[in-house]
Amino acid sequence: MRALVVEELAAEYAGCRVKDLPDPVPGPGEVLVKVRAGAVNFPDLMQTRGEHQHKPPVPFTPGMEMAGDVVAVGEGVTAWKPGDAVAGGSRTGAFAEYAVSPAAALHRKPESMTYGQAAGYQVCYLTAWVALVRRAQVQPGEWVLVHGAAGGTGLAAVDLAKHLGCRVIAASASDAKLAVIEKEYAPDAVVNVTQGFKDRVKEITGGRGADVIYDPVGGDVFDESVRCIAFDGRILSIGFTSGRLPVLPVNYALIKGFSVMGVRAGEYGRKFPEKGRENNEAIWKRAAEGAMHPRVDREFPLDGWREAFDTLAERTVVGKTVIRPDL
């Protein structure tokens, strides 16, 4: 099979190349999948440089999420059979023609989704679910400000928050991206953050501020979010794509009575296995019902992996970028 392989950890993907490898064989409890789509996530880029908390030994094939068709099952696997269309995966391996996954990590591909949509669903929507439902415990009618709304996790939060009955403000630094979000997801308001956003958020919310702020950006965005959070509000720290870790003067939290909540969806499930299963069941149930709408912005062949990675690094997509080994 052909696969993208990280042979050494280096900047600018210098250690990455597409190679021919032996087809993998599923072991006990595993499934071999013919990959139809692998979704690109920021951790995939970081792993090529050894900058992510999960550091697989080199050489390895990156790719956390995939969708495809089962071609073989290992000993003890009864839930899947050859021909089943599945989605899910593990921490690596998706950017290849074939991938092995634990059987328990796979879900049936929703009929309403393409392979690309299904490949890019779990990580982003699980993050949004843990953030909004488990951590913030959002309520219908609450104002939810979503930063980085054009990114995979941000767009999932917009979609899920609307589904949960919240009033959603989608925030981005691009008018063009906001126009796409407005047309396809119908948030209650959109805000371009390039000239500041706190006054606009207060205006939209009638002066109270946002009840929940979903922040995968950090840096200056977090600093200004502190100034437009409602009393007793919740700021959800998802990540730091801005590159700067913000520092919170705790007197702000004291005076305004708000909470800052860290969100690590995968770790949440590892710490609380039963809740983790419930979280996955909840998001895939909604996917099967057609209630969620993951967006694939662009698709690339396996040889176009560098350009696919660059769409994330340069933040040119609205939603997800997908690598399709069958192209």
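Reply: The charged end of K109 sits over the ring of Y115, at 5.0 Å from its centre. Such an arrangement is counted when NZ of Lys or CZ of Arg is within 6 Å of the ring centre and within 35 degrees of the ring normal. The ring of F272 likewise carries the charged end of K275 over it, 5.0 Å from its centre.

The model is a predicted one: local features need pLDDT of at least 70 and side-chain atom pairs pLDDT 80 or more, while totals for chains, interfaces and linings use all residues. Residues are numbered from 1 along each chain as its sequence is written, and side-chain values use heavy atoms, with hydrogens and water left out.

Seven aromatic pairs are present (rings of Phe, Tyr and Trp, the latter by its six-membered ring, with centres within 6.5 Å; planes under 30 degrees apart are stacked, over 60 edge-to-face, the rest tilted). One of them joins Y13 and W305, with ring centres 5.9 Å apart and planes at 75 degrees, and is therefore edge-to-face. Y13 belongs to the loop between strand 1 (2-6) and strand 2 (16-20), whereas W305 is in helix 11 (residues 305-313), so this pair ties together parts 292 residues apart in sequence. Helices (H or I, at least four residues) and strands (E, at least two) are DSSP runs numbered from the N terminus. Y13 and W305 are both buried (under 20% relative accessible area; over 50% is exposed and the range between is partly exposed, with a 1.4 Å probe and protein chains only). Together with F95 and F309, Y13 and W305 form one aromatic cluster.

The rings of Y121 and Y125 have centres 4.5 Å apart and planes at 25 degrees, so they are stacked. Y121 has a relative accessible area of 0%, and Y125 one of 4%; Y121 is buried, as is Y125.

Y121 is also among the residues that touch the most other members of the largest nonpolar core, which holds 51 residues; the others are L132, V144, V146, I181, Y214 and L236. Helix 3 (residues 122-135) gives the most to this core, with eight residues. A separate core of 27 residues includes V33, V35, A99 and A308. A nonpolar core is a set of buried Ala, Val, Leu, Ile, Met, Phe, Trp, Tyr and Cys residues joined through side-chain atoms within 4.5 Å.

Helix 3 is mostly covered, with ten of its 14 residues buried; among them are Y125, W129 and L132. Just after helix 3, Q137 has a positive phi of about 50 degrees.

Beyond neighbours within four places in sequence, V144 is in contact (heavy atoms within 4.5 Å) with L132, V138, A161, C166, R167, V168, I169 and V212. A157, in helix 4 (residues 152-163), is buried with a relative accessible area of 0%. Not counting residues up to four places away, A157 touches A128, L132, V146 and Y214. Y214, in turn, stands opposite L236 in strand 12. Strand 11 (residues 210-215) and strand 12 (residues 229-237) pair in the parallel sense over five bridges, pairing being assigned when DSSP finds at least two bridges between two strands.
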